[in-house]
Amino acid sequence: MQVLRVTGGARLAGEVQVVGAKNSVLKLLAATLLAPGQTTISNLPAISDVTIMHELLLRLGCDVAETSDAMIDSVAVNVPECPASEAPYELVRQIRGSINLLGPLLTRTGRAKVAMPGGDAIGSRPLDLHISGLERMGADIRIEHGYIIAESGGLRGAQIWLDFPSVGATENILTAAVLAKGTTVIDNAAREPEIVDLCHMLLSMGAQIGGVGSSTLEINGVDSLHPTTHRAVADRIVAGTWAFAAVATRGDIHVRGANAGHLEIALDKLARAGADVEVLADGFRVRSIDRPKSFDVVTLPYPGLPTDLQPSAIALLAVADGTAMITENLFEARFMFCDEIARMGADVRTDGHHAVVRGKERLSGAPVRATDIRAGVGLVIAGLVADGVTEISEVHHIDRGYVQLEEQLRGLGADVVRIESATFGG
Ligand code: EPZ
């Protein structure tokens, strides 16, 4: 089995380039279905989730032409007049983002059959807000044989209040509403930068959307949309991961291509921990010389500290000076990561959606398992600040969200290699 073998001790130093956000790109690709013809999306990350989304679009009858160099891809999606409407289980189960095919397929074709993605390592992840929102717009939705089957003779605008500012539900309702009859208002909408990015692409396709970036989106449906060209927003989670890694290893990283404004709270926490954070025209720079001071973390929807940076934060706090309280407000099982980092000697205790981390001088290398994308990269950071060697298995999780991670880490002076390991039954 392939593992990432991390030898601890290096202070990360140098530059990294951040490309488009996985959690925007998957939805932009789904939204191409809203208009027949060729839509081009650039600044795509060369990650496995994007490849699977391309495969899904091919199954729906689109032509997908990728152009790529090293880390960055662009794709031209040619959408037929009548796309197919079924997204098969074997692909959907691999990436949750594929649930965002529901809105575009339903509003474009009047029918969508999308496999239920099911839960994953971080939580049960229900879809009730997606379904109730589309039902309020007049869709008939039933669950059959593991599939969501949604049908409509023409969606109508509706007033929709979300009990929780769900990213996925906001996106599915938004992409359905752009071609619905009348006006849809989404109250308590999510306002992540990825939602704003999706709105910008839809506006460039001819959609009418008000309140972009706020928690109230007002969408006036139009009869048709046209193809467009769009550059994906930078991945703030990848950028944030580099920032936490810089401070944990007492290093100095210039993160290019990122928008510091999308990471305000995270960068502020790192500055309070003693790091020098400098916002630059093309990104930001994080430098840290001394042992970081501990800080509490509360994960919240945007603009709060993103839950996707929680494992990276815990890896840093495991070697920080002091004790930290972590409150996870989005995903009930996201502390599974703590069981793995505890294997490296981290002093972390969890209770429900709280965790307490008492910082230690150093961790010790051990064989550990990545349980999801963000937990995986959290373990990489822990391995960088541990004595000896850490072997991280299930690296396919990390490949879903990070482009050429070990190459970039080696570029910053780390000793990280991908090998076939005997420890995990190589
Ligand atoms: C998106 O997931 C991201 N995934 C997640 O990133 C991210 O953690 C999350 O937003 C929050 O920022 C993608 O964009 C593909 P939600 P999503 O709907 O849309 C509850 C990563 O590592 N909820 O905002 O699934 C839900 O259970 C991934 O890149 C309902 O109760 O997140 C959760 O507690 C992990 N009913 C909360 O809302 C619903 O119908 C937030 O979920 C929908 C959600």
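Biologist: What makes the 75 residues of the largest nonpolar core a core?

Modeller: A nonpolar core is a set of buried Ala, Val, Leu, Ile, Met, Phe, Trp, Tyr and Cys residues joined through side-chain atoms within 4.5 Å, where buried means under 20% relative accessible area, exposed over 50%, and partly exposed in between (1.4 Å probe, protein chains only). By that rule the largest core here has 75 residues, and among those with the most contacts inside it are Leu 29, Leu 101 and Ile 209. This is a predicted model, where local features need pLDDT of at least 70, side-chain atom pairs count only at pLDDT 80 or more, and totals for chains, interfaces and linings use all residues. Side-chain values use heavy atoms, with hydrogens and water left out, and residues are numbered from 1 along each chain as its sequence is written.

Biologist: Which helix gives the largest share of this core?

Modeller: Helix 1 (residues 22–31) does, with 6 residues. Helices (H or I, at least four residues) and strands (E, at least two) are DSSP runs, numbered from the N terminus.

Biologist: Which residues does Leu 101 touch?

Modeller: Contact means heavy atoms within 4.5 Å. Leaving out residues up to four places away in sequence, Leu 101 touches Ala 30, Leu 33, Met 53, Leu 56, Leu 60 and Ala 87. There is also a second, separate core of 74 residues, including Phe 295 and Val 297.

Biologist: What makes strand 10 and strand 12 edge strands?

Modeller: Two strands pair if DSSP finds at least two bridges between them. In the open sheet, 4 strands run in the order 10-11-13-12 with mixed pairing. Strand 10 (159–161) and strand 12 (208–210) each pair on one side only, so they are the edges. Inside the sheet, strand 11 (residues 183–187) and strand 13 (residues 216–220) pair in the antiparallel sense over 5 bridges, and Asp 187 stands opposite Thr 216.

Biologist: Which helix packs on this sheet?

Modeller: Helix 6 (residues 167–177), which touches strand 10, strand 11, strand 12 and strand 13. Its direction makes about 170° with that of strand 11, with axes fitted to C-alpha atoms (for helices over the stretch in contact) and angles running from 0 to 180 degrees between N-to-C directions.
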